[in-house]
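Let's take a friendly walk through a protein model. Have the sequence and the 3D view open as you read.

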Amino acid sequence: MGKIHVLSEAVANQIAAGEVVERPASVVKELLENALDAGATRIKIQIEAGGKRLIQITDNGCGMVRDDALLAFERHATSKLKNAEDLLSVSTLGFRGEALPSIASVSRLRLETRAPEDSSGTVIEINGGKILKVEEAGLPGGTSITVRDLFFNTPARKKFLKAESTELSHIASLVTHYALARPEKHFELHSATNAVLVAPPVDGSSERVYQVFGKETLDQLMPLAAVQPLARIGLPQPPPWRREAEGDDVELAEPGEIRVQGFVSRPEIQKLNRSSIYIFVNGRLIRDRLVQHAITEAYRNIIPPTVFPVVLLFLEMPSAEVDVNVHPSKTEVRFRQQTVLHDFVRDTIRATLMRARPVPQFVSEIHAHPTATPSLTPGQTANSGGWRASYQADGKFQLEPQMPPATNERFHFQGGIAIEANAALSLARSNFPGAPQVDPGGLPSGAEAIPADPPFVPGEGCAPAFADEPEALGQLAPSLASLKPLGQIRDSFILAVNDEGLWIVDQHVAHERVLFEKILKQRATQSVESQRLLMPLIVELTPGQQAVFADISEELERNGFEAEPFGTRSLAVKVAPAGVEGVELEHMLYELLEQFSRSEQKLNLEAVRARIAASIACHAAIKVNMALDQDKMVWLLDALARCSFPIACPHGRPVVLRYSVRDIQKAFKRI
C-alpha cells in the first residue's frame, strides 16, 4: 500500500490556520479586513481574556445572503476574485478565501449576517470546523462574527499564547493602525473592563493622529504629501493570444500615479528600533524592507545610523503596481517599479526634512536620548477609560492605568520638557537654616502635598517682562549669519547670540558639516582638493579589508586618494584629501573599511560617496580643545549658514543648540 494520501479537510484547515491564525490579533486582523472590504463605516470589536475567550466584531457592511454565508466557510471561497488575471490587480484587503474556514477550524464560531435586500438574517454556528446550526433570525443589517475559545481543540497552539495583557496589546496596536489608515470610519475596541479605543470618523489623518495620540505627538511630527506619475514600464499587459483574439480592441492600462502622504518625525525624535515606522499601501498595513530602506536613506547624515525615526506613511498606487499575493498574512508585498518607489519615498521625506530644518532646543537636547519604545510618543495615547498604552524596552505593548496628575504646576518648554514651577522657590527656601531637604519630586522629604503658592504675576516686584517678540518657527532654521560670536567654552563650543536667543555651536561638528557639503559638491564637479604625501603611508589590510577596498577603490580615487598595492597585504597611500594627514589618514581608512565591511545592505554609489565624504570631513575638521580667534568663529558661522542642512552633522549629531528668548523669560518667570 502506498504511503502518500490526501489529508482530510479538517486537517488541511488546521494547517492553513497555522499560517493565518498565529494569535488572537491575527483573527482580529482577518475579520477586520473583511468588515472593511464589506464597506462598513462603523466597526465595533469586543475582547475578553486578551481574545482567548472571546473576539466579537460587529459591522454595518453589506452583509451576506444565506447561500453566501454557508459558502464563505468553504476553503478558497471568495467574492473578491473570479480568475487568475484578478490576482494582478487586487484592490481589496482580503482575497485568498482561507481566513474564515481556518478560524472556524480552531474555535467555536457564530456568524450573524443580513443583506439589505433580505427581510431576515442568517445565523451559523460552527464548532471546530463542524457546522452545528444554520437558522434564520431577525437581525440588523451587516455582519457580526463571534469567536470563542480560540485553539480549544489544539492545546499545543494554545500554550504558545502570551499573557492576556500582551495579547490585548497586540490587538489594540492592530486596531489603532487601521484606525489611522481609515480616518473616515468609526472604530471601537472594548475589553471586558473598559473602552480601549473609541475613534469616531474625522476629516483627515492629522485629526486622527490628534484623536488617537494627542496634540503633543502631532506637534512632534511633520506632514508630507507628494505625487509622481508612473511610466508604463512594469504594467502587466494582456497575453499575446488574447491580444490576437481581441485585435485592436484591447485597451492598455493607464500607468496612473503614486501618491504619498503621512508624517515624519523631526531629527531629535529618535528610536532604537524600527517599531515606530508604520507603512500602509492602499490602506493595507505592511512590512517592507524596500520602503524602510528608503526611509533610512532619507534620514542618512541627519540622525545617527544606529537610531530610527518615527514615520507614518500612506502610499496609494494602482492595484496593478503592487503584488499582495506574497504571504498568507498579506503583510508582505512586492512592487513592480521598486526603484521608482524607493527613490520617490526617499526624496519626498528628504525634501520635507530639508524644508523644515528644525533647530534643536537647548533644554530638550540635555535630556534627549534614543528610546526603544515603538509608540509615537512614549506613554502618550488617547485617554480612553482611564487607561494608557505604553511600550516596554523589549518592544512589547501593554496597557497601564492612567497615572494621577502631578500636583505641581509645570512649565512646558519647547521640545516637550517640563520644569516644575515651584522648583526654584523650593531650592531657595532650602538655603535658609533649618530648612528641610528637598527631594527630586519637588516636595520636602516626609511632607504631604500642600496647596500651591499664590500664582506668580509677571512683573510684580521686579522689572517688567520683555516685550513680545516674534518667535521663529521651530520648523525653520533661522539665519545663522546673524549670530555674533561671544567666545568659546573650553575651546570647544562657540557661544553666540542674536535676536532669537542664546546659541551654542559645536565647532567640530559645525566645520564637519561645512566640509561634508563642500566635498560632495567638489565630487560632483570632479574638483576634489588633494595633497601628495612626502612619504607614502603604508597600511596593512586583512583579507576582508582587501575585498572591501577593491569595491570602493575607484570612489576613493575620485575623492582625492591615490593608493597602490605594496606587497601581498599592504597599501601605499601616496595622495590624500586636503586636510587629512598622518595618523588621522590611517584611522580614516581603517574606519571606512570597517564601516563597509559591517554594512548589511548592498553598497550603492550614493551611500559610498556620502560615507567617504563624511569620514574625510570628520578627520579634517576643526577639533575640540582648539582655540579660535574672532575672525575664525565669524567665518565658521557664516559658512555654516550657507549649508543646505546646518542643523546636524553627517553622523546625525546636533550642530547648534538654541536657548530661545522665550525659554529664558520662562526660566526667570517673567512670563
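This is a predicted model: local features need pLDDT of at least 70, side-chain atom pairs count only at pLDDT 80 or more; totals for chains, interfaces and linings use all residues.

**The whole protein**
- The protein has 671 residues, and 46% of them are buried.
- Now think about contacts between residues at least 6 apart in sequence: 70% of these join residues at least 24 apart.
- The protein exposes about 34000 Å², and carbon and sulfur atoms supply 54% of that area.

**Helix 14, from end to end**
- Helix 14 covers residues 507-524, which makes 18 residues.
- How far apart should its ends be?
- D506 caps the N-terminal end of helix 14, with a side-chain oxygen 3.1 Å from the backbone nitrogen of H508.
- After helix 14 comes Q526, which has a positive phi, near 55 degrees.
- A handy rule for looking at any α-helix: there are 3.6 residues a turn, so residues three or four places apart point the same way.

**L31, a residue in a helix**
- You'll find L31 in helix 2, which runs over residues 24-37.
- Buried or exposed? L31 has 4% relative accessibility, so it counts as buried, the cut-off being under 20%.
- Leaving aside neighbours within four places in sequence, L31 touches I57, L100, I103, I145 and V147.
- I45 is 14 residues from L31 in sequence, and their C-alpha atoms are 9.9 Å apart in space.

**D323, a residue in a strand**
- D323 belongs to strand 14, made up of residues 322-323.
- With 25% relative accessibility, D323 counts as partly exposed, because that value falls between the 20% and 50% cut-offs.
- Which residues does D323 contact, once neighbours within four places in sequence are left aside? They are E332, V333 and R334.
- F335 sits twelve residues from D323 along the chain, and the C-alpha atoms of the two are separated by 6.3 Å.

**To recap**
- L31 counts as buried, whereas D323 counts as partly exposed.
- L31 lies in helix 2, while D323 lies in strand 14.

Notes:
Residues are numbered from 1 along each chain as its sequence is written. Side-chain values use heavy atoms; hydrogens and water are left out. Helices (H or I, at least four residues) and strands (E, at least two) are DSSP runs, numbered from the N terminus. Buried means under 20% relative accessible area, exposed over 50%, partly exposed in between (1.4 Å probe, protein chains only). Contact means heavy atoms within 4.5 Å. Accessible areas come from the Shrake-Rupley method with a 1.4 Å probe; for residues, only the protein chains shown count as cover. The expected span of a helix is 1.5 Å times one less than its number of residues. A polar contact is a pair of N or O atoms within 3.5 Å; within protein, one must be able to donate a hydrogen and the other to accept it, and residues adjacent in sequence count only if both atoms are side-chain atoms.
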